[in-house]
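This briefing goes through one protein model by topic, beginning with a single side-chain interaction and then moving from the overall fold to individual residues. Please keep the structure in view while reading.

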Amino acid sequence: KESAERYWRYISSNNGDLVRNYQKFITVIDLGRRGIFYRLQIGNFSTQDKAERFCREFIIKNNKEESDCIILD
């Protein structure tokens, strides 16, 4: 969980203009024998278009090899 929190601090300090209007959500995923996984989500987009625009800008700004953006319903 601390890793997800640390990544949120990194994202928000380097992408304040992109994330300032959104919330972080850290969800716990139990992968059984593989352990517990913590997923960082940024959200509460008012439209699908805004989420897609956010992802495009985030990936461009943060280098595709280092970051990814997946839209969840």
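Which side chain does the side chain of asparagine 15 meet in a polar contact? The partner is asparagine 62, and the polar contact that joins the two side chains has a length of 2.9 Å. These values, like those that follow, are computed from a predicted model.

**Fold and dimensions**

- The protein chain contains three helices and two strands, and these elements follow one another along the sequence in the pattern α-α-β-β-α.
- The C-alpha trace spans about 35 × 25 × 20 Å when it is taken along its principal axes.
- Among the contacts in the protein chain with a separation of 6 or more, 33% are between residues 24 or more positions apart.

**Surface and charge**

- The protein chain has 73 residues, of which 22% are buried.
- Its accessible surface amounts to about 5600 Å², and carbon and sulfur atoms account for 48% of that area.
- There are 13 positive and 11 negative side chains in the protein chain, and the centres of these two sets are 4 Å apart.

**The largest nonpolar core**

- Nine residues form the largest nonpolar core, namely Trp8, Ile11, Leu18, Val19, Ile42, Phe54, Cys55, Phe58 and Cys69.
- Two or more residues of this core come from each of α1 (2-14), α2 (16-19) and α3 (48-62), and α3 gives the most, with three residues.
- Isoleucine 11, a member of this core, touches Gly16, Val19, Leu40, Ile42 and Phe58 when residues up to four places away in sequence are not counted.

**Asparagine 15**

- Asparagine 15 is located in the loop that lies between α1 and α2.
- Because its relative accessibility is 0%, asparagine 15 counts as buried, the limit for that class being under 20% relative accessible area.

**Tyrosine 7**

- Tyrosine 7 belongs to helix α1, and its relative accessible area of 31% makes it partly exposed.
- With neighbours within four places in sequence left aside, tyrosine 7 is in contact with Leu40, Phe58, Glu66 and Ser67.
- Tyrosine 7 and isoleucine 70 are separated by 63 residues in sequence, and the distance between them in space is 16 Å from C-alpha to C-alpha.

Notes
Residues are numbered from 1 along each chain as its sequence is written. This is a predicted model: local features need pLDDT of at least 70, side-chain atom pairs count only at pLDDT 80 or more; totals for chains, interfaces and linings use all residues. Side-chain values use heavy atoms; hydrogens and water are left out. Helices (H or I, at least four residues) and strands (E, at least two) are DSSP runs, numbered from the N terminus. Buried means under 20% relative accessible area, exposed over 50%, partly exposed in between (1.4 Å probe, protein chains only). Contact means heavy atoms within 4.5 Å. Accessible areas come from the Shrake-Rupley method with a 1.4 Å probe; for residues, only the protein chains shown count as cover. Lys and Arg count as positive and Asp and Glu as negative; His and the chain ends are not counted. The place of a charge is taken as NZ of Lys, CZ of Arg, CG of Asp or CD of Glu. A nonpolar core is a set of buried Ala, Val, Leu, Ile, Met, Phe, Trp, Tyr and Cys residues joined through side-chain atoms within 4.5 Å. A polar contact is a pair of N or O atoms within 3.5 Å; within protein, one must be able to donate a hydrogen and the other to accept it, and residues adjacent in sequence count only if both atoms are side-chain atoms.
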